[in-house]
Every structure is written in C-alpha cells, then in structure tokens.
Amino acid sequence: RIAPTALLQRCRQRFAPRAAEAGIELTTELAPDLPDLELDVAAIDRVLDNLLANAIRHTPRGGRIELLAQTGRQRVVLAVRDSGEGIPRHERARVFQPFVQIGRRRGGSGLGLALCRELVEQHGGELRLASRPGRGSTFSVVLPAP
C-alpha cells in the first residue's frame, strides 16, 4: 500500500533536476485525503517516470509540468499535465501502439506508452490522454480506489 501523494512526490524528486536543466517548472497539485492504493509500486513508478520523461521531452524551455492526484467516483487519478506541443487529434489513437512516436522531439523505442497502458490495465485501471495541439497534453492514470 502506498499513498498517491507519496508516488507523485517521489517521481517529482527523481525528475526535478532534469526539469530544472530543461528550464521547465515542475509542480504538484495533490487533493487532500486520498486513499492509499494497493499496487505494484515499482510498476506504477515506471509508468509515472515514462509519462514525466515524455512530458519533459515535449515541453519547451519556460514551460510547465504538473503532477496531479485527485479522487472521485471510486477512482484515484494520477496525472501528468504539460504545456508542451500537444498531440493532433488524428494521432491520439496511435500513441499507445507499440513502436509509434509522435511529435517533433523523438527518443526511445516507441514502446513506453504501450508498456504504460499494459501496466495500468494490469492494475484494473485505464491510461487516458487529453490533448490540444500547441497547448499541451494530460496523461491520466485512472486506478480503482480501495
């Protein structure tokens, strides 16, 4: 069991130097009284790390990334919201497919988001994307609350 706030605070600590080096503001917004989650901490750390690394790669210097934790309707939502380049509507369905890379700044193998989706689904959750080109993206890890 782990508190959602602990997950996000640990992730923030791991990536604060990289965000600072890239000139990106990294903040957290944590709802109060979130229930502890029963999950594979290493797997969800891996998901959050991948989402945050992608956000840093696709957010320009002077941009902002927020790590969010919210609850509602028997769910806990952990999200990474960036002010980066965003993803065009016609590309959104493809982002979770293996070997697909979208955007001007590429890196890695194109397997990260496919793996993230699989790990989240193994926890009975869902990985969601909301995005507006030129305005940024939000990747949300939606997990069942205990």
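Reply: Strands here are DSSP runs of at least two residues, numbered from the N terminus. The model is a predicted one.

Me: In which strand is Thr-138 found?
Reply: Outside its sequence neighbours within four places, Thr-138 contacts Ala-79, Val-80, Arg-81, Arg-128, Leu-129 and Ala-130. The run that holds Thr-138 itself is strand E5.

Me: Is Thr-138 buried or exposed?
Reply: The cut-off for buried is under 20% relative accessible area. Thr-138 has a relative accessible area of 18%, so it is classed as buried.

Me: Which element gives the most to the largest nonpolar core?
Reply: This core has 38 residues, and Leu-51, Leu-52, Ile-65, Leu-78 and Val-141 have the most contacts inside it. Two or more residues come from each of helix H1 (4-21), helix H2 (41-58), strand E2 (64-72), strand E3 (75-82), helix H4 (112-122) and strand E5 (136-144). With nine residues, the one that gives the most is H2.

Me: Which residues is Leu-78 in contact with, leaving aside neighbours within four places in sequence?
Reply: Leu-78 is among the residues with the most contacts inside the core. Beyond four places in sequence, its partners are Pro-4, Leu-7, Leu-8, Ile-44, Leu-48, Leu-68, Ala-69, Phe-139, Ser-140, Val-141 and Leu-143.

Me: At what angle do H2 and H4 pack?
Reply: Two packed helices are described by the angle between their axes and the distance between the axes. For H2 and H4 the axes are 9 Å apart, and the crossing is left-handed. The angle is about 145°.

Me: How many nonpolar, polar and charged residues does the contact of H2 with H4 have?
Reply: H2 and H4 have their axes 9 Å apart. H2 brings Ala-43, Arg-46, Val-47, Asn-50, Leu-51 and Asn-54, while H4 brings Gly-112, Leu-113, Leu-115, Cys-116, Leu-119 and Val-120. By class, that is eight nonpolar, three polar and one charged.

Me: What covers the buried residues of H4?
Reply: The residues of H4 that are buried are Leu-113, Ala-114, Cys-116, Leu-119 and Val-120. Their cover includes H2, strand E4 (126-132) and E5.

Me: What is the handedness of the crossing of H1 and H2?
Reply: The axes of H1 and H2 come within 10 Å and cross at roughly 35°. In the contact, Leu-7, Leu-8, Arg-10, Cys-11, Arg-14, Phe-15, Arg-18 and Ala-19 of H1 meet Val-41, Ile-44, Asp-45, Leu-48, Asp-49, Leu-52, Ala-53 and Ile-56 of H2. By class these are 11 nonpolar, no polar and five charged residues. The crossing is right-handed.

Me: How far apart in space are Glu-29 and Arg-128, C-alpha to C-alpha?
Reply: Glu-29 lies in strand E1 (residues 25-30) and is partly exposed at 45% relative accessibility. Not counting residues up to four places away in sequence, Glu-29 touches Glu-66, Leu-67, Leu-68 and Ala-69. Arg-128 is 99 residues from Glu-29 in sequence, and the spacing in space is 18 Å.

Me: Which residues is Ala-31 in contact with, leaving aside neighbours within four places in sequence?
Reply: Ala-31 is in the loop between E1 and H2. With a relative accessible area of 24%, Ala-31 is partly exposed. Its contacts beyond four places in sequence are Ala-69 and Gln-70.

Me: What is the relative accessibility of Val-76?
Reply: Val-76 has its place in strand E3. Leaving aside neighbours within four places, its contacts are Pro-4, Pro-35, Leu-37, Gln-70, Thr-71, Val-141, Val-142, Leu-143 and Ala-145. Val-76 counts as buried, and its relative accessibility is 0%.

Key:
Residues are numbered from 1 along each chain as its sequence is written. This is a predicted model: local features need pLDDT of at least 70, side-chain atom pairs count only at pLDDT 80 or more; totals for chains, interfaces and linings use all residues. Side-chain values use heavy atoms; hydrogens and water are left out. A nonpolar core is a set of buried Ala, Val, Leu, Ile, Met, Phe, Trp, Tyr and Cys residues joined through side-chain atoms within 4.5 Å. Buried means under 20% relative accessible area, exposed over 50%, partly exposed in between (1.4 Å probe, protein chains only). Helices (H or I, at least four residues) and strands (E, at least two) are DSSP runs, numbered from the N terminus. Contact means heavy atoms within 4.5 Å. Axes are lines fitted to C-alpha atoms, for helices over the stretch in contact, and angles run from 0 to 180 degrees between N-to-C directions. A crossing is left-handed if the near helix is turned anticlockwise from the far one by less than a right angle, and right-handed if clockwise. Ala, Val, Leu, Ile, Met, Phe, Trp, Tyr, Cys and Pro count as nonpolar, Asp, Glu, Lys and Arg as charged, and the others, Gly among them, as polar.
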